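I opened the notebook to log what I looked up in this model.

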Amino acid sequence: MDRKLFLLLPLAAILLSCGGDTAKKAAEQARQDSVTVQTIKEAYAYSFPLVVMDISRQQMTDGTTGVKGGGVRAAANSFGNLSVFPDASFTDVVRPNVDTYYSSAWLDLSKEPVVLSLPDTKGRYYMMPMLDMYTNIFASPGTRTTGNGTGDFLVTGPGWKGEVPAAMKQIEAPTNSVWIIGRTQVNSKADGDKVVVPLQKQYKITPLSAWGKPYTVPKAEPNPSAPKGFPNAIVEQMSVADYFNYVNKLLALYPPPAADKAALDKFAAIGVGEGKTFDLSAFDQNVQTTLGSLPKEIAAELKKNILARQENGWDMLIEVMGTYGTNYAQRAHIACIGLGANLLEDAIYPLTGVDGDGKQLNGANKYMIHFDKGQTPPANAFWSLTMYDSAGHLVANPLNRYAIGDRSNLKANADGSVDIYLQNTSPGKDKEVNWLPAPTGDFNLALRVYYPKQSMIDGSWKIAPVKKVQ
């Protein structure tokens with residue numbers, strides 16, 4: 001062997017060894033980066049509902065005149081009522097509800113409790129679900145739970161130790177900010193004006209210190225710093241650093257549930273948690289580059305309807321709703337597509353845009369939904385089927401009918417079954433009572449079942465497919 005080559009062999013071995021170490025270090029860094037990015041994604045999804053709730057709170061208590069969006073506006077600790085029976089000209093929101101009027105209130109319990117006073121609704125169905133800042137419904141006064149009689153409820157913040165006045169029922173809130181999204185059944189515009197609006201005016205919130213004394217409901221003060229625009233879009237436009245440092249402030253204001261400790265311990269390693277600072281420069285350059293596109297990536301993931309149970313072409317959306325425990329993925333998904341979703345016990349909303357064969361619904365065809373005798377949607381309160389065009393708006397039609405259901409005097413067949421006709425043209429005068437007019441183009445449907453029976457909650461009742469008949 002050449003002596004020079006012999007002398008170079010140890011050096012080559014050393015160089016190869018160094019190269020191997022470098023490769024190992026690079027591989028380990030890549031692994032660590034992957035773990036870091038995954039943890040950041042989990043922290044983002046975990047905190048998304050909290051951020052969207054806080055943005056919504058600011059917008060909905062902002063008294064600035066001329067602003068649009070943000071839902072029903074009212075000062076903290078007071079109700080804002082939405083008393084609109086929408087028609088085809090109503091395009092403010094997609095998939096508008098023609099079954100209930102809304103009464104919305106943001107409670108501030110940081111200084112003292114408030115009293116929620118509810119009237120005798122004389123049998124009229126209503127509900128007052130209460131959401132904490134993590135979007136969990138922790139109480140839902142109303143027909144299902146407390147009945148239709150009068151009642152005063154003392155809503156207290158975490159740690160409050162005062163005395164509950166006689167004849168009041170205490171509701172303990174997990175966070176000092178609470179969103180009440182009240183809904184009261186409305187059967188028509190005339191019914192809304194005559195029955196529901198007077199009821200809405202009787203829904204009251206009073207600070208405990210003012211109870212039994214003359215009290216004037218406050219007006220919403222202008223808040224120039226309130227974020228403008230759709231909350232989801234606002235979040236998507238935030239940098240990751242701005243987002244997480246906003247989250248850290250919210251975590252200090254609204255301490256997470258005890259069950260979240262394991263998740264928060266994990267997030268602490270990336271600078272997410274009460275009293276922490278999220279420092280982007282602390283991460284590897286590859287991580288920093290990856291995080292630049294994270295908000296849009298997360299937004300796209302949250303919009304995917306991957307957690308709904310499918311049945312005969314319908315998205316049942318009843319896996320977990322209204323209270324989520326440690327199912328942070330479902331909580332974030334619902335906060336993205338339907339902030340303020342109800343408990344399953346209060347309402348279930350199956351959705352579809354396809355027939356039983358999976359083909360897009362279109363007004364060029366005629367369709368029917370058939371319910372066997374006794375198999376219409378099982379509701380303790382009521383149910384309805386609402387028609388929307390491809391943009392999610394109500395459909396103009398000669399009957400001015402936008403929904404159909406158990407309050408529609410549906411005509412049963414000779415065997416007791418019920419057929420609902422979904423088409424653009426009349427099915428004939430004798431069948432028009434069961435006709436829900438469709439547009440000429442694509443359309444989709446929402447079935448709303450209020451106070452569903454157990455057979456719908458547990459899935460033993462099977463929803464009928466939309467069948468093409470021509």
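Which side chain meets that of Asp346 in a salt bridge? I found Arg144, with N to O at 2.7 Å. I took a salt bridge as a side-chain nitrogen of Lys or Arg within 4 Å of a carboxyl oxygen of Asp or Glu.

Before going on, I noted the ground rules. The model is predicted, so local features need pLDDT of at least 70 and side-chain atom pairs count only at pLDDT 80 or more, while totals for chains, interfaces and linings use all residues. Residues are numbered from 1 along each chain as its sequence is written, and side-chain values use heavy atoms, with hydrogens and water left out.

**Salt bridges**

I placed the two partners next. Asp346 lies in the loop between α8 and β13 (347-348), and Arg144 in the loop between β6 (137-139) and β7, so the pair ties together parts that are 202 residues apart in sequence. Helices (H or I, at least four residues) and strands (E, at least two) are DSSP runs, numbered from the N terminus. I read Asp346 as buried, at a relative accessible area of 1%, and Arg144 as partly exposed at 25%. Buried means under 20% relative accessible area, exposed over 50%, and partly exposed in between (1.4 Å probe, protein chains only).

I searched the whole structure and got 11 salt bridges. One of them joins Glu311 to Lys462, with the closest N and O atoms 3.9 Å apart. Glu311 is in strand β11 (residues 310-311) and Lys462 in the loop between α9 (454-457) and β21 (467-468), so this pair links parts 151 residues apart in sequence. Glu311 is buried at 8%, whereas Lys462 is exposed at 52%.

I also logged Glu432 with Lys429, at 3.8 Å between the closest N and O atoms. Glu432 is buried at 15%; Lys429 is exposed at 72%. Salt bridges with shared partners put Asp99, Asp406 and Arg407 in one network.

**Nonpolar cores**

I then looked up the cores, each a set of buried Ala, Val, Leu, Ile, Met, Phe, Trp, Tyr and Cys residues joined through side-chain atoms within 4.5 Å. The largest has 49 residues, of which Ile40, Phe48, Tyr243, Phe244 and Phe278 touch the most other members. Elements that give two or more residues to this core include α1 (3-60), β9 (177-185), α4 (240-253) and α7 (294-303). The most come from α1, with 13 residues.

Which residues does Phe244 touch, not counting those up to four places away in sequence? I listed Ile40, Ala43, Tyr44, Ser47, Val272 and Phe278, with contact meaning heavy atoms within 4.5 Å. A second, separate core holds 32 residues, including Ile348, Leu361, Val395 and Val466.

**Helix α7**

I checked burial along α7 and found Leu294, Pro295, Ile298, Ala299 and Leu302 buried. Seen down the axis, the buried residues fall within an arc of 130°, so they line one face of the helix. The arc is that of the directions from the helix axis to the C-beta atoms. Lys296 and Lys303, on the other side of α7, are exposed.

**Sheet**

Strands pair if DSSP finds at least two bridges between them. Strand β7 (residues 151-156) runs parallel to β8 and is joined to it by four bridges. I noted Leu154 opposite Gln170 in β8.
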